[in-house]
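Subject: Structure handover

Hello,

Here is the structure I said I would pass on. My notes on what was found in it follow below.

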Amino acid sequence: MNRRELRTRSRAWPSAIARALARAGVTPNQVSVTSIVFAAAAAGAFCKAGALVAENPGRWLIAAAAGVQLRLLCNLLDGLLAVEGGLKTKTGELYNEIPDRIADVVILLAAGVAVRYLPWGMTLGVAAAMLAVLTAYVRLLGGSLGLVQSFGGPMAKQHRMFTLTLGALVAAFEHGNYRSLISLYVALAVVVAGSIVTLFLRTRRIARALHEQ
């Protein structure tokens, strides 16, 4: 009831990777912690891209996009190992939530660093990071009140990371042709706007559910 719906989870390749990890003795909690490593790598790449904005940040933006997606892969695999693999532990929820919040914050803040030369660029990164934590907080608040957690968007975690990945890849192409990172800047703005809507919708769903009890 309190699990994010992902179409990718039903595909064969994630299950195959999860089975291989289980055979190797890798635990879901270890995979969850590894997601922070990939998030930190993505953040470092974003910061490097920002430092090289006057030169050639393209490869760093591509590296950042790869780090973001590897972070999401860890998020997918830890759930498969825990539930489908039967390796769920008593501390699993802690390892599932805390690394996610750390990863969201470091990635989004670093994306703000990459576009800090643009008006309000760093502010967008800070706002996106704060809103990512708030949307997760409201979801968990609903669960603490005895409701089914709402993983809905339009800017849930997977949507945030997809938007940022797309923005980074387009920005790599854009800088090679136009010497700017407007695409990444726009992606952050979309994350902020979508997160505000998501926060409102999740809060409204909780309020309605409580009234109906």
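Please keep in mind that this is a predicted model.

Helix α5 covers residues 121-144. Its buried residues are Gly121, Leu124, Gly125, Ala128, Ala129, Leu131, Ala132, Thr135, Ala136, Val138, Arg139 and Gly142. The cover over these buried residues includes α4, α6 (157-178) and α7 (182-212). With 24 residues, α5 reaches 35 Å from its first C-alpha to its last, close to the 34 Å expected at 1.5 Å a residue. After α5 comes Gly146, which has a positive phi, near 90 degrees.

The overall picture is as follows. The C-alpha trace spans about 50 × 45 × 25 Å along its principal axes. Of the 213 residues, 46% are buried. Among contacts between residues at least 6 apart in sequence, 80% join residues at least 24 apart.

Next, the charged side chains. The structure holds 8 salt bridges. In one of them, the side chains of Arg71 and Asp104 meet at 3.0 Å, N to O. Arg71 lies in helix α3 (residues 58-84) and Asp104 in helix α4, so this pair ties together parts that are 33 residues apart in sequence. Asp104 also forms a salt bridge with Arg160, where the closest N and O atoms are 2.8 Å apart. That pair links distant parts of the chain, with Asp104 in helix α4 and Arg160 in helix α6, 56 residues apart. Arg71 and Asp104 are both buried, and Arg160 is buried as well.

Arg101 forms a salt bridge with Asp100, and their closest N and O atoms are 4.0 Å apart. Arg101 is buried at 15% relative accessible area, and Asp100 is buried at 4%. A network of salt bridges links Arg71, Glu97, Asp100, Arg101, Asp104, Arg139, Lys157 and Arg160.

Last, the surface. The protein exposes about 10,700 Å², and carbon and sulfur atoms supply 67% of it. Val33, Leu94, Tyr95, Ile98 and Ile102 form a nonpolar patch there, with about 430 Å² of accessible area together. Helix α4 (residues 92-114) gives the most to this patch, with 4 residues. Leu94, found in helix α4, counts as exposed because its relative accessibility is 53%.

Regards

Key: Residues numbered from 1 in each chain as written. Predicted model: local features only at pLDDT ≥ 70, side-chain atom pairs only at ≥ 80, totals over all residues. Heavy atoms only, no water. Patch = residues over 30% accessible without salt bridge, like charges linked within 9 Å, V, L, I, M, F, W, Y side chains within 5 Å. Areas by Shrake-Rupley, 256 points an atom, 1.4 Å probe, with all protein chains shown as cover. Helix = DSSP H or I, 4+ residues; strand = E, 2+ residues; numbered from the N terminus. Buried < 20%, exposed > 50% of the residue type's maximum accessible area, 1.4 Å probe, protein only. Expected span 1.5 Å × (residues − 1). Contact = heavy atoms within 4.5 Å.
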